[in-house]
Amino acid sequence: MMTKEDVTAEILTAKKQAGLTWEGIAEKIGMSPVWTHSAAMGMNAMPADKAELMVKTMGLPQEAAAVLEECPTKVWEQTVPTDPCIYRLYEIVGVYGPTIKALIHEKFGDGIMSAIDFDMQITRVENPKGDRVKIEMSGKYLGYNSW
């Protein structure tokens, strides 16, 4: 019986062997690269049609489709990571998190940005001083309820 970890490993192996990119895989299954990668890593459940397309695109065993459809357990490292790219994202939240929260509260009221009803794009922006990484996040505003 395959686990999410097994399916992730198979996807990563197939991706490398085929020389595919996440953008290329996402295009083949009809989703964004961000969502596709997250689902392939086991952090989102794939709808049945997308799971079937992933199995076909990546040449996975048919059993993998059911695993890709399973609800995820979203567990991640709680310690600060040592990978430089991921560490910098933690640093951004550590430095600017309170600012982001304050500005959300000023513009929307007491609440949060959803990470469930959410999308994200990552683009490369050419710049004479060195290309820049642009991360755009959009999540539904969820106000806190008084009860």
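This note walks through the structure point by point.

1. **What kind of model.** This is a predicted model, in which local features need pLDDT of at least 70 and side-chain atom pairs count only at pLDDT 80 or more, while totals for chains, interfaces and linings use all residues. Residues are numbered from 1 along each chain as its sequence is written, and side-chain values use heavy atoms, with hydrogens and water left out.

2. **Overall layout.** The protein chain has six helices and two strands, and from the N terminus on its elements run α-α-α-α-α-α-β-β. Helices here are DSSP runs of H or I with at least four residues, and strands are runs of E with at least two, numbered from the N terminus. The C-alpha trace spans about 50 × 50 × 30 Å along its principal axes.

3. **Burial.** Of the 147 residues in the protein chain, 22% are buried. Buried means under 20% relative accessible area, exposed means over 50%, and partly exposed lies in between (1.4 Å probe, protein chains only). The areas come from the Shrake-Rupley method with a 1.4 Å probe, and for residues only the protein chains shown count as cover.

4. **The hairpin.** Strands β1 (residues 111-125) and β2 (residues 132-143) run antiparallel and are joined by eleven bridges; two strands pair if DSSP finds at least two bridges between them. Six residues lie between β1 and β2 in this hairpin, and Gly130 in the turn has a positive phi of about 130°. To follow the pairing by eye, start with Met113, whose bridge partner in β2 is Tyr141, then look at Arg124, whose partner in β2 is Val133.

5. **Salt bridges.** The count comes to two salt bridges, each being a side-chain nitrogen of Lys or Arg within 4 Å of a carboxyl oxygen of Asp or Glu. Side chains of opposite charge can pair when their charged atoms come close. Arg124 is exposed, at 68% relative accessible area, whereas Asp131 is partly exposed at 40%.

6. The side chains of Arg88 and Glu91 meet in a salt bridge at 3.7 Å, N to O. These two residues are about one helical turn apart, because they sit three residues from each other in helix α6. Arg88 is partly exposed, with a relative accessible area of 44%, and Glu91 is partly exposed at 38%.

7. **A nonpolar patch.** The patch has about 1,000 Å² of accessible area together, and its members include Leu89, Ile92, Met113, Phe118 and Val133. Patches take residues with over 30% relative accessible area and no salt bridge, joining like charges within 9 Å and nonpolar side chains (Val, Leu, Ile, Met, Phe, Trp, Tyr) within 5 Å. Tyr96, another member, is found in helix α6 and counts as partly exposed because its relative accessibility is 48%.

8. **A negative patch.** Glu5, Asp6, Glu10 and Glu63 form a negative surface patch. Lys and Arg count as positive and Asp and Glu as negative, with His and the chain ends not counted; a charge is placed at NZ of Lys, CZ of Arg, CG of Asp or CD of Glu. Helix α1 (residues 4-18) gives the most to this patch, with three residues. Asp6 lies in α1 and is partly exposed, at 34% relative accessibility.
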